[in-house]
Amino acid sequence: ATASTWSEDDVRGALAQAARASGDEVLVAERRAAVAMVLRLSDAPEVLLMRRAERAGDPWSGQVSCPGGRHEPSDPDLLHTARRETHEELGVDLGRDARALGQLAPIQAMGRGKIIPMTVTPFVFVATAPIRPSPSAEATHAFWLPLAAAARGELDDTFVYAHLDPPLTLPCWRYQGEQVWGLTYKMVYTLLESLGAVGPIV
């Protein structure tokens, strides 16, 4: 299926196949986090993203991200973490308004050009009701990124990360004044790759 005609079954099947392909690869880290990749598939497919508020001590302060955060001892599992954080950051109840389709492999967290002792597991959801984000103090706003346009390369650009010497030039998507790069770019690109919409990331 092309990016403009994905069904819920397409996504669920692609995630299951990707899980089988990754096999028993395990990333071990001191801390674990989870994010929610919330999709709208009814028309052109989109993923829900947000801009993080500027916060001291947040390695991803001010960046575009999926809603999510650190696993807490009270969370029964990482899927619960993804749901809880999405509700805290955007006021979206994924237990009520979305269905979990699967997950991507955990990714090593990076921040400010350095490895962070944390893995981030992306959980993929499909909206089953209208999603109306109401950002908390943790986010400035939320928006929907068109996945077909990203897959076709229409949003491709580069982002210069100036915090390193020499500065690092990274792939990104630009959309409505937002720049999607780094960990979020990698996670969304990995979803597109699992669906056969793009080639391997380089």
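Reader: Start with the helix H1. Which residues are exposed on the other side of H1?
Author: Asp9, Gln17 and Arg20 are exposed there. Exposed means over 50% relative accessible area, buried under 20%, and partly exposed in between, with a 1.4 Å probe and protein chains only. Helices (H or I, at least four residues) and strands (E, at least two) are DSSP runs, numbered from the N terminus.

Reader: Before going on, what are the ground rules for the numbers?
Author: This is a predicted model, in which local features need pLDDT of at least 70 and side-chain atom pairs count only at pLDDT 80 or more, while totals for chains, interfaces and linings use all residues. Residues are numbered from 1 along each chain as its sequence is written, and side-chain values use heavy atoms, with hydrogens and water left out.

Reader: Fine. Which residues are buried in H1?
Author: Val11, Ala14 and Leu15. Seen down the axis of H1, the buried residues fall within an arc of 100 degrees, so they line one face of the helix. That arc is taken over the directions from the helix axis to the C-beta atoms.

Reader: What covers the buried residues of H1?
Author: The cover includes E1, strand E5 (98-103), E7 and H5. Contact here means heavy atoms within 4.5 Å.

Reader: Which strands does E1 pair with?
Author: E1 runs parallel to E7, with nine bridges joining them. E1 is antiparallel to strand E4 (residues 68-70), through three bridges, and antiparallel to E2, through two. Two strands pair if DSSP finds at least two bridges between them.

Reader: What are the partners of Ala33?
Author: In E7 the bridge partner of Ala33 is Val120, and in E4 Ala33 stands opposite Arg70.

Reader: And what joins E1 to E2?
Author: A hairpin, through five residues. Leu39 has Val47 as its bridge partner in E2.

Reader: Back to E7. Is Thr121 buried or exposed?
Author: Thr121, which lies in strand E7, is buried, with a relative accessible area of 3%. Leaving aside neighbours within four places in sequence, Thr121 is in contact with Ala33, Ala34, Val35, Leu78, Gln103, Leu104 and Pro106.

Reader: New topic. Which residues touch the most other members of the largest nonpolar core?
Author: Met37 and Trp173, in a core of 40 residues. A nonpolar core is a set of buried Ala, Val, Leu, Ile, Met, Phe, Trp, Tyr and Cys residues joined through side-chain atoms within 4.5 Å.

Reader: Which element gives the most to this core?
Author: H5, with seven residues. Another core lies apart from it, of 16 residues, among them Met50, Phe125, Ile131 and Trp144.

Reader: What does Trp173 touch?
Author: Not counting residues up to four places away in sequence, the contacts of Trp173 include Leu145, Ala150, Val188, Tyr189 and Leu192.

Reader: Last one: how does E10 pair?
Author: Strand E10 (residues 168-175) runs antiparallel to strand E9 (residues 156-161), with six bridges. E10 is also antiparallel to strand E11 (residues 178-180), with three bridges. The hairpin of E10 and E11 has two residues between the strands, and Gln176 takes a positive phi near 50 degrees there.
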